Amino acid sequence: MLLEAFGSILQLLYLAMLVLAVVALVFAVTAREDAYRAADKQKKSFWLIILGVTVFVNLVIPILFLQIAGVIASIVFMVDVRPAIKAVSGGGGRSGGSSSDGPYGPYNGGR
C-alpha cells in the first residue's frame, strides 16, 4: 500500500516535470530571436536545444538525474530568461502607473 502511494506520487512528480519543460519550451519557441540578444541572454537556439532535450528526456529516458537537470534548466528559463525577454520585447505586465494602482484605478486607502 505504501509503495503504491509512493509510486503514484512519483508519477505525479514526473508529470509535473514534463509539463514544466513543455511550457518552458513553448515560451522559448514563441519568443523573438532578437529579444534574447537584447536581454543579453543565451541565443534562442541554445534554449531550444536545452529545453527540447529536457522534454525528450522526460518522455523517453526516465532517468531521475537527467530529469532533475532538465527541471533546473526549465526553472532558470522561466525565472530568469523569460521575464528579461518580456521586459525587452514590451510584454511587461503593467503599462505605467504606480505600485498602488489597483485593477480599477489608483488605490490610496480612502485618502
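A salt bridge here is a side-chain nitrogen of Lys or Arg within 4 Å of a carboxyl oxygen of Asp or Glu. By that rule, a search of the whole structure finds two salt bridges, and the tour reaches both.

The model is predicted, so local features need pLDDT of at least 70 and side-chain atom pairs count only at pLDDT 80 or more, while totals for chains, interfaces and linings use all residues. Residues are numbered from 1 along each chain as its sequence is written, and side-chain values use heavy atoms, with hydrogens and water left out.

**Whole chain**

Start with the protein chain in cartoon view. It holds four helices and two strands, where helices (H or I, at least four residues) and strands (E, at least two) are DSSP runs numbered from the N terminus. From the N terminus on, the order is α-α-α-α-β-β.

Switch to a surface. The protein chain exposes about 7800 Å², and carbon and sulfur atoms supply 69% of that area; accessible areas come from the Shrake-Rupley method with a 1.4 Å probe, and for residues only the protein chains shown count as cover. Of the 111 residues, 23% count as buried. Buried means under 20% relative accessible area, exposed over 50%, and partly exposed in between (1.4 Å probe, protein chains only).

Contact means heavy atoms within 4.5 Å. Among contacts in the protein chain with a separation of 6 or more, 63% are between residues 24 or more positions apart.

**Helix 1**

Select residues 2-30. This is helix 1, with 29 residues, and from its first C-alpha to its last it reaches 42 Å, close to the 42 Å expected at 1.5 Å a residue. The expected span is 1.5 Å times one less than the number of residues.

Which residues of helix 1 are buried? They are M17, L18, A21, A24 and A28. Show helix 2 (33-38), helix 3 (44-60) and helix 4 (64-88) as well: the buried residues of helix 1 pack against these. An α-helix has 3.6 residues a turn, so residues three or four places apart point the same way.

Now select L12, L15, V19, V23 and F27. They form a nonpolar patch on the surface, with about 420 Å² of accessible area together. Patches are made of residues with over 30% relative accessible area and no salt bridge; like charges are joined within 9 Å, and nonpolar side chains (Val, Leu, Ile, Met, Phe, Trp, Tyr) within 5 Å. V23 lies in helix 1 and is partly exposed because its relative accessible area is 34%.

**The two salt bridges**

Select R32 and D34. Their side chains meet in a salt bridge, 3.0 Å from N to O. R32 is partly exposed at a relative accessible area of 46%, and D34 is partly exposed at 34%.

Next, select D80 and K41, whose closest N and O atoms are 3.1 Å apart in a salt bridge. This pair links distant parts of the chain: D80 is in helix 4 and K41 in the loop between helix 2 and helix 3, 39 residues apart. D80 is partly exposed, with a relative accessible area of 38%, and K41 is partly exposed at 27%.

**D40**

Stay in the loop between helix 2 and helix 3, and select D40. Most residues other than glycine have a negative phi. D40 is not a glycine, yet its phi is positive, about 60°. Is D40 buried or exposed? It counts as exposed because its relative accessibility is 68%.

**The aromatic cluster**

Select F46, W47 and F77, which form one aromatic cluster. Rings of Phe, Tyr and Trp (its six-membered ring) pair if their centres lie within 6.5 Å; planes under 30 degrees apart count as stacked, over 60 as edge-to-face and the rest as tilted. The count by this rule is two aromatic pairs.

The ring centres of F46 and W47 are 5.4 Å apart and the planes stand at 85°, so this pair is edge-to-face. W47 and F77 form a tilted pair, 5.5 Å centre to centre with 55° between the planes. W47 lies in helix 3 and F77 in helix 4, so this pair ties together parts that are 30 residues apart in sequence. Both W47 and F77 are buried, whereas F46 counts as partly exposed at 35% relative accessibility.

**A73**

Finish at A73 in helix 4. A73 counts as buried because its relative accessibility is 15%. Leaving aside neighbours within four places in sequence, A73 is in contact with W47, I50 and L51. The C-alpha atoms of A73 and W47 are separated by 8.9 Å, and the two residues are 26 residues apart along the chain.
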